[in-house]
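Have the viewer ready and take a slow look around before reading on.

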Amino acid sequence: MRNRASALRAVFVTWLILAIAGDVGLALSPMPPGEASTLASDESFTMKLLALMAWPVFSAVLAALFCTFVVNRMAPPTAEVSAAELRGNNRIQTTWIAVTLVVVLSIAVYGTVALAMDQPGGGVSTVSAALPQPADASQPLEVQVIAQQWWFTYRYPTYGGIETAQLVLPVGQKIEFHITSLDVTHSFWFYALGVKADAVPLNDNVVTATPTQIGTYRVQCAELCGLWHGNMADSTAMVVSTSDFTAWVQQQTTADAPVMKYLEPYSHTYLEPPAIYGG
Amino acid sequence: MRMRLWLLLGSLVVTGVLVGFFVTRFLNPVPPTIVATSTSQVTNGKPVVNITLTTVAAVGNDGEGKGEHPNWVGYLPTTYLHVPAGSIVHMTINQQDGSSGLRNPYFALVRGTVGNDMTVNGKVMQAIDPGNPGPGHTFTIPDLGVSVPLVGVADDAPAGATNVVTFDFVVPNQPGLYRWQCFVPCAAGTLYGNGGPMQTLGYMAGELQVG
């Protein structure tokens, strides 16, 4: 009996040390997807919060398993003691229910508040498709992501509806991505910004994020979409300073000049192609 | 009894070797590849090499490609290209297919070539009108930023009518493998023109081996 009580105490102390040490380690560790945008930071914080709450529970499960498989063999309980340990033990039952309630309700409240505060909410655009939008840092910059087998192109309605094969964004400005597809379903995944949304034909899927770190990033398709799906990625997406962005826009405007008159008028979605195409 | 055991083991070994052989062949196909032909020309210290391709409405049994799908559009003689690293590739594409229309008019723009232009039957162009008559195909290497629309021949053009498209592009100094493809949904008879040859290496998709 004394041996068993000592073993259980040792397991509890070990669990406590593991739980605290693990949570300290998690609190100090970077979490995906990082801090390259406000959206990514929010996601990282959520990941960290969930990890901090999950680790003590997970390690408690491991400790319970250890008790079951090891302690019970080394110092087996008698039937009477085993029953007395749980049945009618109000302290254990109250603690168990209280801890579970706190964990689950905390996550529920946090998730509800985070959803309610999400901007702009539910994939709904805050800007109209009318052109042009002012290039004002206080306004979200609309960037359209057009997926097609197998490349993303981007349109900037604020800047005359130019289209580019490279994604370049100004740092510190809220970006409103409008994501659509011209053929099959793709998924636009800008991991570092925490942006991942399906690109669906005839649909306008909206996600906002504010890039906070200048750098070069990777974007890729995250929906199996055909032969070159694995190559539908680009490691030259950039977040640049406002002045560099302005210079880049001017450069792209010049490059697009020969094709501007042929581009379709900017729209959040584009008409369905004829089912029988090709020839 | 022992003889049967040896026979069984031998059969297993032979079967394993055969399965391994076919799996290896399947995973590592050896497609016909065209190697760029060298020229004596050097521009900005980079050697210029030539590659010539022909697009046709159907590969055909008599075509050099001799593909498994003779009624598919394709690039001939193959879509597997090999060029030296750090070279300037002088491409000549004999466009013999008609126009299909672009899904995204942005691909009417010539991008990533030397001078950001091409010649069509000797005429220098930076973009084409996607509706008149429009491209039959594009030659696009996304990771190198190269995209060239290939003007389709007229619907009533005589057999063998050809638009000769030429352009130059620079490949990296480091060896690498790049995919290239057509961005015109040109696969007749498939949903939205994106099936069959658009999804199959050797027709409207290929690989560019640099170095």
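What percentage of the 279 residues of chain A count as buried? The answer is 27%. Keep in mind that you are looking at a predicted model.

**The sheet in chain A**

Chain A has five helices and ten strands.

Five of the strands make up an open sheet. Reading across, the order is S3-S2-S1-S5-S8 in chain A, and the pairing is mixed. As background, strands in a sheet pair through backbone hydrogen bonds, and they can do so in parallel or antiparallel fashion.

Why is one side of S3 and of S8 in chain A left without a neighbour in the sheet? Strand S3 (162-164) and strand S8 (205-209) of chain A stand at the edges with a single partner strand each, so there is no neighbour in the sheet on one side of each. Going from one strand to the next, the twist averages 25°.

Strand S5 (residues 175-181) of chain A runs antiparallel to S8(A), and five bridges join the two. One pair to look for is Phe177(A) and its bridge partner in S8(A), Val207(A).

A helix joins in as well: H5 (residues 242-256) of chain A packs on the sheet, where it touches strand S2 (151-156) and S3 of chain A. The direction of H5(A) makes about 95° with that of S3(A).

| Cis peptide bond | Omega | Where the second residue lies |
|---|---|---|
| Pro32(A) to Pro33(A) | near 0° | Pro33(A): loop between helix H1 (2-28) and helix H2 (38-74) of chain A |
| Leu76(B) to Pro77(B) | near 5° | Pro77(B): loop between strand S4 (74-76) and strand S5 (80-83) of chain B |

Leu202(A), with phi near 70°, is in the loop between strand S7 (195-199) and S8 of chain A. Is Leu202(A) buried or exposed? It counts as exposed, because it has 12 C-beta neighbours inside 10 Å, and the cut-off for exposed is 12 or fewer.

Over in chain B, Asn116(B) has a positive phi of about 50°. You'll find Asn116(B) in the loop between strand S6 (88-95) and strand S7 (118-120) of chain B. With 14 other C-beta atoms within 10 Å, Asn116(B) is partly exposed.

Technical notes
Residues numbered from 1 in each chain as written. Chains lettered and ligands numbered in written order. Predicted model: local features only at pLDDT ≥ 70, side-chain atom pairs only at ≥ 80, totals over all residues. Helix = DSSP H or I, 4+ residues; strand = E, 2+ residues; numbered from the N terminus. Buried ≥ 20, exposed ≤ 12 C-beta atoms within 10 Å, placed from the backbone. Pairing = 2+ DSSP bridges. Axes fitted to C-alpha atoms, helices over the stretch in contact; angles between N-to-C directions. Contact = placed C-beta atoms within 7 Å.
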